[in-house]
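Please open the model in a viewer and keep the selection panel at hand. The tour moves from an open space in the protein to the molecule placed there.

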Amino acid sequence: MVSTRHTAELSADELTEIRALLDAVFVDFDDHDWDHGLGGQHALVREDGLLVAHGSLVQRRMLVGGRSLRTGYVESVAVRSDRRRRGLAGQVMAALEALAPAYDLLALGASDEGVPLYEARGWQPWRGPTSVLGPSGPEPTPDEDGSVYVLGGQDVDRDAPIACDYRDGDVW
Ligand SMILES: CC(C)(COP(=O)(O)OP(=O)(O)OC[C@H]1O[C@@H](n2cnc3c(N)ncnc32)[C@H](O)[C@@H]1OP(=O)(O)O)[C@@H](O)C(=O)NCCC(=O)NCCS
């Protein structure tokens with residue numbers, strides 16, 4: 001069963017366990033990637049006490065059409081390699097998507113492996129150009145165009161340019 005907890009409610013041991021799962025699942029998972037998934041809600045699935053699936057949702061700001069959208073941004077979705085295609089990521093995503101009423105929009109940067117999962121759940125690709133509001137001003141992020149997915153935000157034009165707030169490491 002999935003449980004949802006804020007970063008502040010997780011013990012040091014639980015955080016270490018989550019980091020170990022993410023290090024095992026993602027190639028070159030670094031301290032910036034780790035940081036990106038902290039400071040929000042974590043969805044966790046355990047089987048016989050073992051952490052087998054994780055995802056988190058943190059708040060970011062997206063600038064679209066002159067509006068700063070309060071955005072729930074999904075990070076660090078990972079399922080142990082020996083437990084996949086059993087609906088565990090689906091459980092994690094359902095728990096995170098349930099937080100949508102708190103936001104104008106939900107968004108994420110999809111890995112190639114994640115795309116079928118998100119599309120199956122109704123997430124849609126952002127069609128407009130992406131950029132970041134970097135420390136030296138706006139910067140296009142063309143390598144990310146097409147890999148940003150959103151859910152909700154019915155009044156938001158997915159063909160418009162979208163700019164994310166800045167963070168160290170991968171900005172999307
Ligand atoms: C992507 C990932 C999280 C999916 O986890 P999972 O527990 O296997 O996913 P689920 O079993 O919940 O899949 C739910 C649905 O998503 C789709 N889906 C998930 N993985 C898929 C795949 N590899 N190929 C095709 N469809 C897939 C299917 O529709 C699936 O339903 P089905 O099994 O009934 O067909 C997992 O493969 C993973 O950890 N990959 C490495 C890390 C990663 O890329 N994370 C995403 C970061 S953006």
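On a 1 Å grid over the protein atoms alone, a pocket is an open set of points where a 1.4 Å probe fits, with protein on both sides within 12 Å along at least five of seven lines; its lining residues have an atom within 4 Å of a point. The model is predicted: local features need pLDDT of at least 70, side-chain atom pairs count only at pLDDT 80 or more, and totals for chains, interfaces and linings use all residues. Residues are numbered from 1 along each chain as its sequence is written, and side-chain values use heavy atoms, leaving out hydrogens and water.

Begin by selecting F26, V77, S111, G114 and Y118, which lie nearest the centre of the largest pocket among its 38 lining residues. The volume of this pocket is about 1200 Å³, counted as the space filled by probe spheres set on grid points joined across faces, edges and corners.

Next, colour β4, which gives the most to this lining, with seven residues. Helices (H or I, at least four residues) and strands (E, at least two) are DSSP runs numbered from the N terminus.

Now show the ligand, which sits in the largest pocket; that is, more than half of its atoms lie within 2 Å of the pocket's grid points. Around the ligand are 20 residues, with V77, R85, G87, G90 and S111 the closest; each has a heavy atom within 4 Å of the ligand. Select α4 (115–120), which gives the most to this shell, with four residues.

Finally, zoom in on the polar contacts, pairs of N or O atoms within 3.5 Å. Oxygen atoms of the ligand are found 2.7 Å from a polar backbone atom of G87 and 2.8 Å from a polar backbone atom of G90. At E113, an N or O atom of the side chain is 3.4 Å from a nitrogen atom of the ligand.

Methods: A polar contact is a pair of N or O atoms within 3.5 Å; within protein, one must be able to donate a hydrogen and the other to accept it, and residues adjacent in sequence count only if both atoms are side-chain atoms.
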